[in-house]
Every structure is written in C-alpha cells, then in structure tokens.
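Here are my notes on the model, point by point. Please read them with the coordinates open.

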Amino acid sequence: EIYFNHTLYNTTPIASTNYFKLEASAKKLLAPEAYDYAAGGAGLEKTVAANRAAFDKWHILPRVMRPVQPKRDLSTTLFNRTIPAPIIMAPVGVQTLFHPTGERSTAAVFGQEGLPYTQSTASSTGFANVAAANGAGNPRWYQLYWPSDDDLLRSYLTTAKKSGFEVLVVTVDTWDLGWRTRDLDRGFFPFINGVGVQIGLEDPVAHEKLGFDPLAKNATEEQKQMAALYHTIVTSRGVSPVWENVGKLREIWGDAPILLKGVQSAEDAKLAMKYGLDGVIVSNHGGRQIDGAVGSLDALPAIVEAVKRNLTIGFDGGIRSGADIFKALALGADFVQVGRPVLWGLAHQGEKGVRHVLKSLLADLEITVGLAGCASLKDMDRSLLVEKRG
Ligand code: FNR
C-alpha cells in the first residue's frame with residue numbers, strides 16, 4: 001500500500017506513484033496491442049528514448065532559505081483564463097482501447113481539476129459526450145487533424161465551437177502516420193480494427209458525403225468499415241497542411257486561440273507568428289512520427305528564444321514526473337501536456353486511475369517547486385537549471 005500525505009494528493013492510490021512501475025502494472029492489464037499502440041513509437045523508437053534522455057541533460061539547481069510558505073502557487077493564465085496549474089491533457093485518440101470509459105474518464109478528471117482537456121479528432125467519444133463528461137464551463141480544447149475536405153473542416157470546427165471548445169490545436173506532424181513497427185507487425189490499426197473515430201462517424205456532413213449514417217441501426221458492417229476508412233483518409237492520409245491555408249482556420253474559428261502542435265524548428269515557430277497563430281506546442285508526437293527526430297525538450301530552448309515574447313509555448317514529450325515539468329517550465333514553456341502517464345492511469349480503473357496520475361503530478365510538481373525555492377511559477381527560470389556537460 002502506498003501511503004503519503006499531501007494536500008494536493010487527496011485521492012486513492014493506484015499501483016504506484018512511480019511512472020515506470022505504473023506503466024508495468026498497466027501493461028499487465030491491457031491487451032498487448034493496446035499496450036504497444038500507446039507505448040510504442042516510430043521505427044527503432046530512438047525518438048521515444050531521446051525524449052527521455054533530453055530531461056537527463058538538465059539538473060535542477062535549487063535555491064534555499066526563501067519564503068515559499070505556506071503554499072506554492074502553481075496557477076497560470078492562458079488565453080485569459082486562470083488555471084490552477086500549467087498541466088493540460090494531451091490530445092490522445094481512441095482512449096476506449098485503454099478502458100471502456102475512455103475519454104469520458106479523462107475529460108471528467110481534468111474538468112474536476114479545472115485543467116484544460118484537449119479532445120482529439122481521433123477520439124472514440126463524440127464532442128457532446130466529451131463535453132458533458134468534462135463539465136459545463138470547464139476549459140476545453142479541440143485538436144484538429146485537418147481534413148482534406150473543406151466542408152468537413154467547417155463542420156468539425158463548428159460542432160467543436162458549439163460544444164464549448166475554446167482553443168483550437170492543429171496537429172501538423174501527422175498528416176501521414178509514422179512507421180510504427182509495433183503496430184505494423186501486428187497489423188493493428190485502431191480505426192480499422194474496431195475503435196470508431198466518433199467525431200467523424202457522428203458528423204452530419206460526413207453522412208451527406210457518404211450517403212448514409214454509419215451509426216444508424218440499419219447500417220451494415222461494410223458501411224461501418226467504409227465510414228471508418230473515409231474518416232481516416234480525409235483527416236490524416238497523405239495531404240500535408242500548408243501555411244497558405246491557415247487563413248481558412250482563422251475564417252472559421254474567428255479570433256479564438258489557434259495553436260500548432262508538432263513544431264520542432266525555431267524557423268517554423270517564427271512562421272507560426274508570421275501567419276497569425278497564437279501559439280505553438282513543441283512536440284514530436286511522443287516519438288511516434290519521425291524516428292531520429294530531436295528529443296522534444298532539446299528543441300524547446302531555441303523556440304523559446306525565437307518567439308517567447310509573442311507566442312504561447314506549450315510542450316510535450318516524455319513528461320513523467322514533477323521534476324520533468326519543472327525543467328520544461330524553467331526552460332520557458334508556458335504549459336506542458338501529458339499523454340502516456342494518463343493512459344496508464346486510465347487502464348487502472350478508469351477515472352480513479354486518471355485522478356491518481358494527475359494528483360500525483362500536481363503534488364510532485366508543487367513539492368519540487370517549493371524545494372527549489374520558488375513560491376510561484378513566476379520565480380522559475382533558467383537560473384534554476386544546470387546543463388550537464390559531456
Ligand atoms: C497520441 N498523440 C496524439 N496527438 C494528437 O495530436 N492527436 C492524437 O489523436 C494523438 N493520439 C495519440 C495516441 C496515443 C496512444 C499516444 C501515446 C499519443 C500524441 C500526444 O498528444 C502527445 O504529443 C504525446 O503523447 C506526448 O508524449 P508523452 O507524454 O506520451 O510522452
């Protein structure tokens with residue numbers, strides 16, 4: 001039994017507070033193809049490893065004897081909303097692979113904590129059900145896989161807006177799927193092998209284009225397969241988004257914030273600024289797209305230097321502990337996203353497991369911030385880190 005007492009960890013422990021032990025325990029609970037789908041990456045998984053190795057290149061240099069009592073303030077303001085901590089749910093598709101409650105559980109827990117929840121276009125739960133689980137008035141973001149069909153683009157964004165999604169996150173690194181060897185070896189592709197991409201299946205414009213409603217009672221198996229393929233093809237197969245089309249997003253989404261997710265080059269971050277985007281998320285999709293791509297944290301400092309004053313900067317890839325979050329924030333990220341840790345929690349009893357993971361990260365971060373001599377996130381900067389040499 002795990003026992004500890006921390007005001008930010010007021011919930012029931014699950015399996016372990018150590019990420020790696022939690023992952024091992026989740027592996028035992030999951031179908032092998034589900035575990036591999038989440039744990040794996042592209043190619044030889046060098047970038048999955050690089051994401052972790054990048055954190056080891058930095059050490060925290062704590063300051064002491066500072067007035068950090070009684071409580072550390074982790075709150076921050078993103079796009080005019082104050083949130084209790086800079087931790088956001090990364091967009092992750094097909095979550096019912098990991099627990100039957102899927103997105104309902106993750107959306108519920110992030111909502112309860114008042115932390116932004118990002119719904120993926122590849123979600124196995126539709127907009128309305130995610131919004132309901134997340135709770136009225138909570139910060140909700142929508143992650144777009146940019147459809148090649150403009151009518152579908154308009155329909156997705158309009159439904160997202162209506163369902164209370166406030167920030168648009170456009171993932172630009174996955175217009176084709178990376179060479180994911182674990183899934184290839186199994187012939188496993190969740191959208192085709194039974195987990196529906198619900199946003200596409202529910203979309204009225206998609207129904208018009210298909211000429212049928214794949215969710216109707218009388219839909220045939222063949223129609224369901226066709227609909228799954230249609231959705232996959234128009235959203236993430238072979239059509240690369242281009243800068244010149246950013247205007248289309250702005251026209252539909254209006255003045256509300258738009259971020260690009262999957263930016264690794266400072267030059268692209270500058271282009272995002274030039275094209276009027278509100279922010280970038282430094283990410284390599286958890287090492288799932290380009291094997292051999294730079295570790296995500298390694299890409300962060302140059303982007304901070306290039307656009308920090310003008311754009312909001314998010315970060316993801318390899319965050320496993322409070323210290324990891326500390327390092328990303330001290331290097332200049334405005335917020336971090338977590339992916340796999342939440343999934344391993346989800347695999348353990350749905351909502352209860354997700355709550356355990358999120359509360360653990362919050363408590364761990366709060367302790368680390370305080371012990372490093374910071375009373376709030378404003379006190380955190382690069383002077384609290386040393387770069388490992390050699
Ligand atoms: C993802 N990720 C992802 N990203 C995205 O923009 N849309 C999506 O649908 C998905 N789906 C998805 C499924 C699974 C199983 C994983 C593990 C990841 C990438 C995700 O948003 C994020 O970039 C990484 O997961 C961050 O790395 P960590 O925290 O998992 O190491």
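1. D379 sits in the loop between α16 (351-371) and β12 (385-387). Helices here are DSSP runs of H or I with at least four residues, strands are E runs of at least two, and both are numbered from the N terminus. This is a predicted model: local features need pLDDT of at least 70, side-chain atom pairs count only at pLDDT 80 or more, and totals for chains, interfaces and linings use all residues. Residues are numbered from 1 along each chain as its sequence is written.

2. The cut-offs are 20 or more for buried and 12 or fewer for exposed, with partly exposed in between; C-beta atoms are placed from the backbone. V369 is ten residues from D379 in sequence, and their C-alpha atoms are 9.1 Å apart.

3. The largest nonpolar core has 112 residues, of which V280, L300, I303 and A328 touch the most other members. α16 gives the largest share of this core, eight residues. A core joins buried Ala, Val, Leu, Ile, Met, Phe, Trp, Tyr and Cys residues through C-beta atoms within 7 Å. Beyond its neighbours within four places in sequence, I303 is in contact with V263, A266, A269, V280, V282 and I313. Contact means C-beta atoms, placed from the backbone, within 7 Å.

4. Helix α14 (residues 322-330) is mostly covered, with seven of its nine residues buried. Among them are D324, K327 and A328. Just after α14, G332 has a positive phi of about 115°.

5. The axes of α15 (residues 340-347) and α16 come within 6 Å and cross at roughly 145°. Axes are lines fitted to C-alpha atoms, for helices over the stretch in contact; angles run from 0 to 180 degrees between N-to-C directions. P341, V342, G345, L346 and A347 of α15 meet G353, V354, H356 and V357 of α16. That contact has six nonpolar, three polar and no charged residues. Ala, Val, Leu, Ile, Met, Phe, Trp, Tyr, Cys and Pro count as nonpolar, Asp, Glu, Lys and Arg as charged, and the others, Gly among them, as polar.

6. Helices α4 (residues 102-113) and α5 (residues 127-134) pack at about 40°, axes 7 Å apart. The α4 side includes E103, R104 and F110, and the α5 side includes N129 and V130. Five nonpolar, three polar and two charged residues make up this contact.

7. Around the ligand are 22 residues, of which A90, G93, S120, G286 and G339 come nearest. Each has its C-beta atom, placed from the backbone, within 6 Å of the molecule. The shell has eight nonpolar, eleven polar and three charged residues.

Terms used
Buried ≥ 20, exposed ≤ 12 C-beta atoms within 10 Å, placed from the backbone. Contact = placed C-beta atoms within 7 Å.
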